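Please keep the structure open while I talk.

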Amino acid sequence: MDIAQVPFGHFKDEPVTKYVLTNDNGVQAGILDFAGLLQSFKVPTKDGGKADMVLTSENLDEFTNNGFCTNRLIGRVAGRIAHGEFKVFGKDFKLEQNEGENTLHGGTNGFYNHIWHVDSTDVSDDRASITLSLTLSEKDDTFPGTIHVTATYTLDDDDNLTLKFAATTDSDTIFNPTNHTYWNMAHADAKTVDDLTLQVNSKYHLAVDGGKIPTGEKVANAGTPFDFEKLTRLGDALKKMASTKENGFDDIWEVEPSLTKPVATLEDKASGRKMELYSDRNGLVMYTMNSDDKAVYNHGQVHPHLGIAMEAQTLPDAPHHPEFGDITLRPNEEKTYTIKWHVEY
């Protein structure tokens, strides 16, 4: 096991560092202190090289000069909050509205827009880890209270990369973070995720309105393009979504939380590379990078369906739908969430 440090450009004139965690099998995870970003997740290939399981770049600007939140940590609250407002413990709160009248991914100054402090790095016989932290006040991101968050990435010799969030606050607030990594483990010249196969441990997805806000209705997956109960070729599912406004998926699945049974499995049969996703929460938002906005083409490699984001979280807009789950955080308590990825190659 090993951890190395590499300079990785600048964000708002501040230096950014990449921390490369390497296990004894040669699997590597590159973590940036900027946005807690999973810059790479490399596995050995049969020809002795390495292949990245995620969309990546060696240029920080290529992560920041588009609207995809590529591979960053997202919070305080992932997904959308209707009308940028919520009530918790009888108190009403109003947030920044950064997507029309709604709040998306914690607002414009959320987790993804900061350089995090590196609290510690640790190497033992069978694992390497890095703990990052961030403190935000209501003045910073418009959410109530001052929140202190840690995010610990751990790579072990069983080829698991685990992300554990923990948070405390000085005032009632809400907390539902995620990781916004885009996956495409296909061969290097693959232009889309079409040939990947996906399985999701889910029977229902959420109905949403025109602004992608959940209505509260749960819709059965069976017989719809949202049915991934069995391994399904993504290209076949995406064809069924071609006539939609999104030209792909930007949708919410209810999943069975588990850190021992995969919530979802993504596989490239041609290379044998596979990722299993585990989560202790009941929601999975999947976004297939649907944009055809020319403004995000300027690096020559961003185009629709290049990658798939699989955002593990509590079902979005939970403050307006208590049955979705409890994302409240109160003083004198700590709330933790865990996401785990297991890779095979």
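Asp-13 sits in the loop between E1 and E2, and in this predicted model its phi is near 70 degrees, a positive value in a residue other than glycine. Lys-12 lies in the loop between strand E1 (2-11) and strand E2 (14-22), and its phi, near 50 degrees, is positive too. Most residues other than glycine have a negative phi, and most peptide bonds are trans. As for accessibility, Asp-13 counts as exposed because its relative accessibility is 73%, and Lys-12 is exposed at 58%.

The peptide bond from Gly-75 to Arg-76 is cis, with omega near 10 degrees, and Arg-76 is placed in the loop between strand E6 (73-74) and strand E7 (80-81).

Turning to the largest pocket, its volume is about 780 Å³, and among its 34 lining residues, Gly-67, Arg-80, Glu-99, Leu-104 and Asp-250 lie nearest the centre. By class, the lining has eleven nonpolar, 14 polar and nine charged residues. Strand E22 (250-254), E25 and E26 each supply at least two lining residues, with the largest share, three residues, coming from E22.

Finally, His-305 lies in the loop between strand E25 (283-287) and strand E26 (308-313). Is His-305 buried or exposed? With a relative accessible area of 11%, it is buried, because buried means under 20%. The side chain of His-305 makes a polar contact, at 3.5 Å, with the side chain of Asn-290, and beyond four places in sequence the residues in contact with His-305 include Lys-191, Leu-238, Asn-247 and Met-289.

Definitions and conventions
Residues numbered from 1 in each chain as written. Predicted model: local features only at pLDDT ≥ 70, side-chain atom pairs only at ≥ 80, totals over all residues. Heavy atoms only, no water. Helix = DSSP H or I, 4+ residues; strand = E, 2+ residues; numbered from the N terminus. Buried < 20%, exposed > 50% of the residue type's maximum accessible area, 1.4 Å probe, protein only. Polar contact = N/O pair within 3.5 Å; in protein donor to acceptor, adjacent residues only side chain to side chain. Contact = heavy atoms within 4.5 Å. 1 Å grid on protein atoms, 1.4 Å probe; cavity = no way out; pocket = protein on both sides within 12 Å on 5 of 7 lines; lining within 4 Å. Points joined across faces, edges and corners; volume = space filled by probe spheres on them. Nonpolar A, V, L, I, M, F, W, Y, C, P; charged D, E, K, R; others polar.
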